[in-house]
Amino acid sequence: MEMQLGETGVNRETAKCTDPLICGLIQTMKPKNCETLSSEENRLISLVRQARSGDRAAFDQLVRLHHERIYRMVFFRSKKQMDAEDLCQEVFVRAFKSLPKLKEASKFTPWLYAIAGNTVRDYYRKRKILSLFQSEPDVQPEEDPNSHEAAQPLGHVLQKEFWTQVEKFSKNLSKWEKEIFYLRFMDQLTISEIAEATGKSASAVKTHLYRGIDKYRKQSGAFARFMEDRHEQ
């Protein structure tokens, strides 16, 4: 499959798509028809409005709806279970304090991911400062304890290999290529949600994403297979 980068920064396919990851990406980039909100979206908006008005029970429901996704997001970036648990809690504490400032209830999810991204960046800034005063031993990335694969011997080996491949692959990406690639394929956000979460335009998101995908296609081994399998789920 060949891809060309147009003047708007949006790539387009010029041949039959064979890579399942890239096929899925192209599908998400196609314009969608205006549709009425689903019952789940309406329920989410209702909960956000209630929580914004001070309803703690409504906010607790929002936490339950988003906890697993936010936990996995921060775990992918910290690769340490205890740190991920602390970061996840910090994300929701910050969200609760900032919720009155959220103007559009329908944008709660990307807004929450923006908070999570800032929380992770603060985490790494603190680690960098601490490393100036103390030596920190190299720590191997931990497997996600909530993963089904982590509970099985073979899955454990595959996850360890996966994280090794992730580290190698990530070194080839720029800051924004890495963040946007993770948001799309690990966190499963849509293009519009990523744009909201990062403060970038949709065309800029697509440009960074295609650059990351181009590098992904050159990466062989367990990581590429894992990403393709994950995208098909």
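Reader: What makes the contact between Asp 187 and Arg 77 a salt bridge?

Author: In this predicted model, the side chains of Asp 187 and Arg 77 come to 2.8 Å, N to O. The cut-off is 4 Å between a side-chain nitrogen of Lys or Arg and a carboxyl oxygen of Asp or Glu, so the pair qualifies as a salt bridge.

Reader: Which parts of the chain does the pair tie together?

Author: Asp 187 sits in the loop between helix 7 and helix 8, while Arg 77 belongs to helix 3, so the bridge joins parts 110 residues apart in sequence.

Reader: Why is Asp 187 called buried?

Author: Its relative accessibility is 4%, and buried means under 20%. Asp 187 therefore counts as buried. Arg 77, with a relative accessible area of 6%, is buried by that cut-off too.

Reader: How do you know that Glu 179 and Arg 77 form a salt bridge?

Author: Their side chains meet at 3.6 Å, N to O, and the limit is 4 Å. Glu 179 lies in helix 7 (residues 175-185) and Arg 77 in helix 3 (residues 56-78), 102 residues apart. Both Glu 179 and Arg 77 are buried.

Reader: Why are Glu 90 and Arg 94 said to be about one helical turn apart?

Author: They are four residues apart in helix 4 (residues 81-98), which means a separation of about one helical turn.

Reader: What makes Glu 90 partly exposed?

Author: Glu 90 has a relative accessible area of 32%. Partly exposed covers values between the 20% limit for buried and the 50% limit for exposed, so Glu 90 falls in that class. Arg 94, at 25%, is also partly exposed.

Reader: Which residues are linked with Glu 90 and Arg 94 in a network of salt bridges?

Author: The network also includes Asp 122 and Arg 125. The structure holds nine salt bridges.

Reader: Why is helix 8 called roughly perpendicular to helix 9?

Author: The axes of helix 8 (residues 191-198) and helix 9 (residues 202-217) cross at roughly 105° and come within 9 Å. Angles of 65 to 115 degrees count as roughly perpendicular, so the description applies to helix 8 and helix 9.

Reader: Which residues make the contact?

Author: Helix 8 contributes Ile 191, Ile 194, Ala 195 and Thr 198, and helix 9 contributes Ala 202, Val 205, Lys 206 and Leu 209. Six of the contact residues are nonpolar, one is polar and one is charged.

Conventions. Residues numbered from 1 in each chain as written. Predicted model: local features only at pLDDT ≥ 70, side-chain atom pairs only at ≥ 80, totals over all residues. Heavy atoms only, no water. Axes fitted to C-alpha atoms, helices over the stretch in contact; angles between N-to-C directions. Helix = DSSP H or I, 4+ residues; strand = E, 2+ residues; numbered from the N terminus. Parallel < 35°, antiparallel > 145°, perpendicular 65-115°, else oblique. Contact = heavy atoms within 4.5 Å. Nonpolar A, V, L, I, M, F, W, Y, C, P; charged D, E, K, R; others polar. Buried < 20%, exposed > 50% of the residue type's maximum accessible area, 1.4 Å probe, protein only.
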